[in-house]
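Please have the sequence and structure open while reading.

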Number of protein chains: 2
Amino acid sequence: MFGVAKKLHESTPFDTSTVISITVFISLICLCIIIGHLLEKNRWANESIASLLLGIVSGGVVLLIHKGQNSRILVFNEELFFIYLLPPIIFNAGFQVKKKQFFKNFSTILSFGVLGTLISFCLVSSGVLFLLKKIGLTQLSTNDYLALGAILSATDSVCTLQVLNQDDTPLLYSIVFGEGVVNDATSIVLFNAVQSLDLSNLSSMTALALLGTFLYLFVTSTLLGVFVGLLSAFIIKKLYIGRHSTDREIALMMLMAYLSYMIAELMDLSGILTVFFCGVVMSHYTWHNVSESSRITAKHAFATMSFISETFIFLYVGMDTLDIDKWKESSSSAGTYLAVSSAMLALVLIGRAAFIFPLASILNYMKRDSDKKIDLSTQFIVWWAGLMRGAVTVALSYNAFSGSGEVSNERSLMISCTIIVVLFSTLLFGTVTKPLIRAILGAPRHAVSYASDIPSLEYLDFPFLEIQDNQEANVNGGEGEGEGEGEPQRRRGFSLLMKYPTGAVHHIWRKFDDKFMRPVFGGRGFVPYEPASPTGAAETTHEH
Amino acid sequence: MFGVAKKLHESTPFDTSTVISITVFISLICLCIIIGHLLEKNRWANESIASLLLGIVSGGVVLLIHKGQNSRILVFNEELFFIYLLPPIIFNAGFQVKKKQFFKNFSTILSFGVLGTLISFCLVSSGVLFLLKKIGLTQLSTNDYLALGAILSATDSVCTLQVLNQDDTPLLYSIVFGEGVVNDATSIVLFNAVQSLDLSNLSSMTALALLGTFLYLFVTSTLLGVFVGLLSAFIIKKLYIGRHSTDREIALMMLMAYLSYMIAELMDLSGILTVFFCGVVMSHYTWHNVSESSRITAKHAFATMSFISETFIFLYVGMDTLDIDKWKESSSSAGTYLAVSSAMLALVLIGRAAFIFPLASILNYMKRDSDKKIDLSTQFIVWWAGLMRGAVTVALSYNAFSGSGEVSNERSLMISCTIIVVLFSTLLFGTVTKPLIRAILGAPRHAVSYASDIPSLEYLDFPFLEIQDNQEANVNGGEGEGEGEGEPQRRRGFSLLMKYPTGAVHHIWRKFDDKFMRPVFGGRGFVPYEPASPTGAAETTHEH
């Protein structure tokens, strides 16, 4: 009887090794979720760190099982990362981001994310060129050094999301996270540009062409994301009025968001930017056009997908660390490893400091409103929280230094050292950030907060939640997303606008949105039923 | 500027053809969703047929673009099908199945699914052996004929789900669908057994060994699914009391369900059976242990995933039809195609009739309760609705006839002909089933019903929904899942039990469940807050 069962094995229609690796990874992710839950109240550890450590431990176990020959279950695969894991994370970030905060700090985010990354790139590139030559490396080309500059300038927005809390420190969160998204896009664009750069034919036009390409990519990627988001809102509004089908609505939102990423990649644009803005537009329009249960499902399902992808990435990077083949390929001494990694880490620290503090000072100087200025302690935390390097760095490093067959000693040294930087920065900076924020800014306003269960999408439909925000909204000229406040407040807001011109853009946008956009694309207030239903409110209070 | 953008292309970290095929498929799925929505009120067409036709059309377009050379975007990949697409569909089926109906008809389902499939297998195998030799095919071995018998005996439970409605025809749905799940498992087990059978060494023990293996697989697979389901309930109950985190709960449910499938496959059991029973147990225990928003999310997120997989499969099969290479490989004449396909289709019809009517008569004879007997018109529909062949058939056919390199003329003829049978049966039987049911059984009880938005999980927490079911539950000895009915009814149920012994098993189960299972694994009533909250009720009514 068992003989037959054994025999069946050979004819199973797929590869056993795939099944084994999937089984191991899913078990580990389950374990990470449980450990992460148990660590929730811990002020030092968080889920990323737990996953990373668990990944290293399992890598070690696999290494022992294979008797030191091999620690791989899955080889680090850039396709897996860029096509399947990254899009849900960035989309969810756009979907859950507090739009008001994000757009209020848009100038800050943009200057840090674009200008800052460029500054960091220049500094780190010349830094590695200088330092690595001092250490004694000779085989790397100028292209490689430039690539390293782009690789080491990519902040990890995934880990940032876990360390900061959108509800406790909204300003900090929106700046650091917003910067992270723009920074990801900038680094990838820079990296691609640098990889294809012909340095033998360098002229003053090259820099200009790079800048032009960058602006072109930024604008078109954003527009594509906005377009797909609006299209989804339009389709769902037109088709589903009166007869909602939750499964179809969710499927359509999810697939169209993914489609935006894929189209962007096909058109050689930045998929990350596209899918991020697609998420922003979807949460502003599409999300309000769907049924009540679709809203709850969308919010949580997108967050869950992003959560699983994040956990998977950290596990993956952790497991990849002990990949014995990689370490064997490089015959460098421990001293060289230490020297190169320390040099990289120092450059990451300096490169980030070199733009955060100067740019923040310039921005502060330009702002009249003293409330909106970024004080030194916040600047310090922004600098600190963005030091973590993550999966984007690893993926780009593999792409730069492993691809083309001729993997030399020093090229594999670069991969190993970027992984050391990623591990070290995530473990050290990730651990210290939470207590650091608490020490500098004081205890969070909310006594207890379970990050993922707080309704991150603005529940501004509900008057009772509005009250908290009123003070803030009034200062900014009443342009906050609170139409429920009625006409008198709006008029008061208009007079306040004269005094606070920073709100003017937002005010014009709201008027335009109400008059032209929302009648076509829906959004809050344009759904066929009362959105301020007690259901949602009961939902919110019930969860805690 | 554009020159640089063009250049970037070469250094994108992944293959462009993958991106193109993903983009095309996602766009087509979006289109299918929209078309399916527009066809919802149409009594002939349904989503499966729309996807299938759209797949054929797009295959044709790709063929034209490639100037008749190639219609492939993705090659039909069994791994993709069995590892990624099938598990969510079957899990969701188990999760959403009406457990009361399913277990009430368990004997019928089991006899149709196991015994029936065996009968059909024997009949179809000997039928193809006889008919194909008559047509003039000579190259196929006895193993191939036996494989064909298993391949053609696999009903398509995916399409059945779309044609039948759980709320309109609960008895029919639970029989046809339940049989479909058991049948899938039986066919795959039979297929694997047949593939590994050594026919040169045939003895009377072979049949016995086969039966033994089958029973062993059936029992262990079911137990594994139940075990993983209970484990998930236990973990979530123990860990999350008091502080729920929706993302973690959903992630844990989803991953553990998938894990059960993977472990089953690793242990050479039937993953389909395992994940189905895991779904059943999760909806009975785990689902009740999570927070309110997790319940809504789980219900809809699982349905959405299943929905996307289904649409994808039909699109895929449709697109695969016009794969020109496959048709070129076989040099047979149109007459041979027609003859073989018709023979197969006839055998499918006969093979199914050969067990539905006799087995139904035997089952009717054994039942005392005339209410539970399956009348002839229902038998006819059960026969008819199970005639569709789908993706499992295609996947198994590829596995049997394309793998081992030596693809002969007749072997590729077999693949083409099974695809013709799948297309023909889905298009014809799928189209006619809905009107046929209406013609035979009369109009459905519910005037308008949007299949996917009706709360398929039993919302028996809510007393007002209970009323409808009361009559039925009382007949069966009050063993229905309605504790809300109070003590008097339960005692009445106990006296009724004497008269209706079929309910005895269920009654014992309920007592066991209440006394031993639910205190440990949770389930309805053991959650820390009032489950019959107005939120859920408001939710249900709001959706329509």
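Where is the place of A:Asp268 in chain A? A:Asp268 is in the loop between α11 and α12 (271-289) of chain A; helices here are DSSP runs (H or I, at least four residues), numbered from the N terminus.

This is a predicted model, in which local features need pLDDT of at least 70, side-chain atom pairs count only at pLDDT 80 or more, and totals for chains, interfaces and linings use all residues. Residues are numbered from 1 along each chain as its sequence is written, while chains are lettered from A and ligands numbered from 1 in the order in which they are written.

**Confidence**

The predictor gives the complex an ipTM of 0.79 and a pTM of 0.80. Chain A has an average pLDDT of 75, and 74% of the residues score at least 70; pLDDT is the predictor's confidence in each residue, from 0 to 100. Among the elements of chain A, the mean pLDDT is lowest in helix α1 (residues 2-8), at 34, and highest in helix α11 (residues 246-266), at 92.

| Stretch of chain A | pLDDT | Contacts in the model |
|---|---|---|
| residues 1-13 | below 50 | 25 contacts |
| residues 446-491 | below 50 | 76 contacts |

Most residues other than glycine have a negative phi. A:Asp268 is not a glycine, yet its phi is positive, about 60 degrees. A:Asp268 is buried, with 22 other C-beta atoms within 10 Å; the cut-off for buried is 20 or more other C-beta atoms within 10 Å, against 12 or fewer for exposed, with partly exposed in between.

B:Asp268 also has a positive phi of about 60 degrees. B:Asp268 lies in the loop between α11 (246-266) and α12 (271-289) of chain B and counts as buried, with 22 C-beta neighbours inside 10 Å.

Beyond its neighbours within four places in sequence, B:Leu255 is in contact with A:Ile26, A:Ile29 and A:Cys30.

**A helix pair in chain B**

The axes of helix α15 (residues 334-366) and helix α18 (residues 409-441) of chain B come within 9 Å and cross at roughly 55 degrees. Axes are lines fitted to C-alpha atoms, for helices over the stretch in contact, with angles from 0 to 180 degrees between N-to-C directions. Residues making the contact include B:Tyr337 and B:Met344 of α15(B), and B:Ile420 and B:Phe424 of α18(B).

Methods: Two residues are in contact if their C-beta atoms, placed from the backbone, lie within 7 Å. Helices (H or I, at least four residues) and strands (E, at least two) are DSSP runs, numbered from the N terminus.
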